[in-house]
Amino acid sequence: MKLKNLIEEYEIEILKGSTNICINGIEHDSRKISKGNMFVAIEGFTVDGHKYINEAIENGAICVVVQKEIAIGQDVTVVKVDDTKLALAKFSSIFYGEPSKKLNLIGVTGTNGKTSITYLIKSIFEASDKRTGIIGTMGIVIDNDVIDNTNTTPESNLTHKYLKEMVDKGIQFCAMEVSSHSLDLKRVEYMDFKVGIFTNLTEDHLDYHKDMENYYKSKLRLFNMTSGCNIINVDDEYGRRILKDLENSIPVITYGIEKKSDIYATNVVCHPKGVDFILNCPKGSIPINMKLLGKFNVYNVLAAAACAIYYDIDLFSIKKGIESINGIKGRFELVPIEEDYSVIIDFAHTPDGLEKVLSTIKQFAEGRIVVVFGAGGNRDRAKRPIMGETVAKYADLAIVTSDNPRYEDPDKIIEDIIVGIERVNGKYIPITDRKEAIKYALSNARPKDTILLAGKGHETYTIIKDKIIPFDEKQIVLDILKDIKE
Ligand SMILES: CC(=O)N[C@H]1[C@@H](OP(=O)(O)OP(=O)(O)OC[C@H]2O[C@@H](n3ccc(=O)[nH]c3=O)[C@H](O)[C@@H]2O)O[C@H](CO)[C@@H](O)[C@@H]1O[C@H](C)C(=O)N[C@@H](C)C(=O)N[C@H](CCC(=O)O)C(=O)O
Ligand SMILES: Nc1ncnc2c1ncn2[C@@H]1O[C@H](COP(=O)(O)OP(=O)(O)OP(=O)(O)O)[C@@H](O)[C@H]1O
Ligand SMILES: N[C@H](CCC[C@H](N)C(=O)O)C(=O)O
Ligand SMILES: [Mg+2]
């Protein structure tokens, strides 16, 4: 694409070079630049992208976008803008042909439930023959392909690239997780979200947002960006606040179980194999027998169903889409073992996630509840004691261990968690090595115990400093059991 066409709608200053050149890609990471690309220099939290301009040019960049006056000797075009993050989003949107406008982009935000809702939307929409892509924590899903993803919500250039790929393949819908970081860090600017879905807001990410108010305000942004409708959980106090604070006049669909709402569930019966309930909406009511466990998953279903109703999907397809889901990877996933106790892997990594999963387990547990869990390093510290307290409330034994220590000392993270466990006199054992912690739980299991391995869910790796080391929890359980039997 000609540079002059790419930048024509944007306020820029040409510092040097011609705009009559052809750009064949947009990248903010000098290490990923190839010949003919535009390099957008971004000031990050760790380093300043402007320092990598020379490397980008050596790798083939023919145009550099900066937000600082920088002397560049090489024969490239240099463009200056006020905010390179915004420019990256705008240029990427135009470069890929504004793909967010060519399909129905559904943004899902909130502390917990985003991934689950995107998979529910895909299942329901496909039950109605509507091909649906996903962008989120477990990767980019385009038909049968799953592309790995570093961030839950990728940087803007990547998202527009994937959206274009979906458009080119004739995919009409994309369910996308929109993290608070991405809203704050301008990763989703210039995206046309038709629908915005709010799940809930509870303690997380205060390392980044500092307080719940900032966290809430980041989430709120999505609902002022949408062009079709907003779907809001009114059982959540922040959901009710969104209704008051919205500056967007598009239709709102509310959902809930306790408060009066447009889409709601009645006769909710949770049992060990799923939840039965009646899904009610203005079009009518339909009984649902879903295989996902826990009342919290009814909320996820209501959100996905509300979105389907907005797109006029019939109730029968909605039922079919919900009931055909046997489970979501790493979410309340039962490890297939033949022992007289059970092992569940779940991605709960927040106090509320643990509360929801453990209260569900408590409803049906016949024996002890043992929880193996930790908390991620270089993430919210404030949530750690609350996670400890929550686990202690339900568990007969908490085995406190590591969960992606990143650059932190895992023992210090464990100490933070233990503060909360001790507050309520919970019983615990610290075992820093997660594999050893799992081995301890399995070796000491008693008949009818439920062992919850929380925090890592679908992740098949552990992050220690800048290394990503294979760690497949499900396989580890199977291997340990094999060793115990031999
Ligand atoms: C705190 C945070 O969000 N950091 C994000 C940020 O990284 P950063 O500011 O540290 O980047 P940096 O390393 O300083 O680099 C600055 C610039 O220099 C460039 N660079 C850097 C090195 C080099 O050799 N060459 C080069 O060009 C980089 O490409 C970048 O453009 O910008 C990067 C590019 O967009 C992100 O990948 C990175 O996410 C990191 C990996 C991260 O862990 N983010 C988490 C907190 C996050 O965003 N989480 C949410 C999900 C939360 C949830 O759902 O619970 C998410 O959406 O993933
Ligand atoms: N509606 C919900 N309310 C509270 N907790 C939930 C809800 N849905 C799922 N959970 C819990 O949160 C965990 C993560 O669920 P999910 O992956 O769907 O959330 P997410 O919002 O995508 O998380 P992330 O922020 O990491 O992307 C689940 O494993 C479960 O323990
Ligand atoms: N999207 C979340 C995932 C947390 C997963 C947990 N295993 C951890 O590392 O804390 C985050 O990046 O904070
Ligand atoms: Mg997710």
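A residue is called buried if 20 or more other C-beta atoms lie within 10 Å of its own, exposed if 12 or fewer, and partly exposed in between, with C-beta atoms placed from the backbone. The model is predicted: local features need pLDDT of at least 70, side-chain atom pairs count only at pLDDT 80 or more, and totals for chains, interfaces and linings use all residues. Residues are numbered from 1 along each chain as its sequence is written, while chains are lettered from A and ligands numbered from 1 in the order in which they are written.

**View 1. Helix α12 and its packing partners.** Helices (H or I, at least four residues) and strands (E, at least two) are DSSP runs, numbered from the N terminus. Helix α12 covers residues 351-364 and reaches 21 Å from its first C-alpha to its last, close to the 20 Å expected at 1.5 Å a residue; the expected span is 1.5 Å times one less than the number of residues. Of the 14 residues of α12, 10 are buried. They are Pro351, Asp352, Gly353, Leu354, Glu355, Lys356, Val357, Leu358, Thr360 and Ile361. These buried residues pack against β14, α10, β18, β19, α13 and β22, contact being defined as C-beta atoms, placed from the backbone, within 7 Å.

**View 2. The shell around ligand 2.** A residue is near a molecule or strand if its C-beta atom, placed from the backbone, lies within 6 Å of it. Ligand 2 is surrounded by 22 residues, the closest being Gly113, Lys114, Thr115, Ala348 and Gly353. The largest share of this shell, four residues, comes from α12. By class, the shell has five nonpolar, 11 polar and six charged residues; Ala, Val, Leu, Ile, Met, Phe, Trp, Tyr, Cys and Pro count as nonpolar, Asp, Glu, Lys and Arg as charged, and the others, Gly among them, as polar. Domain 2 (99-323) and domain 3 (333-485) each give at least three residues to the shell around ligand 2, with domain bounds taken from an automatic or database domain assignment.

**View 3. The shell around ligand 1.** Ligand 1 has 20 residues around it, and Asp29, Gly44, Gly49, Asn151 and Ser179 are the closest. The shell around ligand 1 divides into five nonpolar, 12 polar and three charged residues. At least three residues come from each of domain 1 (3-95) and domain 2 (99-323).

**View 4. The shell around ligand 3.** Around ligand 3 stand Thr137, Thr152, His349, Gly376, Arg379, Asp403, Asn404, Gly455, Lys456 and Glu459. This shell has no nonpolar residues, six polar and four charged.

**View 5. The five-stranded sheet with β5.** Two strands pair if DSSP finds at least two bridges between them. The open sheet has mixed pairing and the order β1-β5-β4-β3-β2; its edge strands, β1 and β2, each pair on one side only. Strands β1 and β5 run antiparallel and are joined by three bridges, with isoleucine 14 opposite valine 79 in β5. Strand β4 pairs with β5 in the parallel sense over four bridges.

**View 6. Strand β20 beside β19.** Leu397 and Ile399 on one side of β20 and Ala398 and Val400 on the other are all buried, which leaves both faces covered. Strands β19 and β20 run parallel and are joined by four bridges; valine 372 has isoleucine 399 in β20 as its bridge partner.

Terms used
Contact = placed C-beta atoms within 7 Å.
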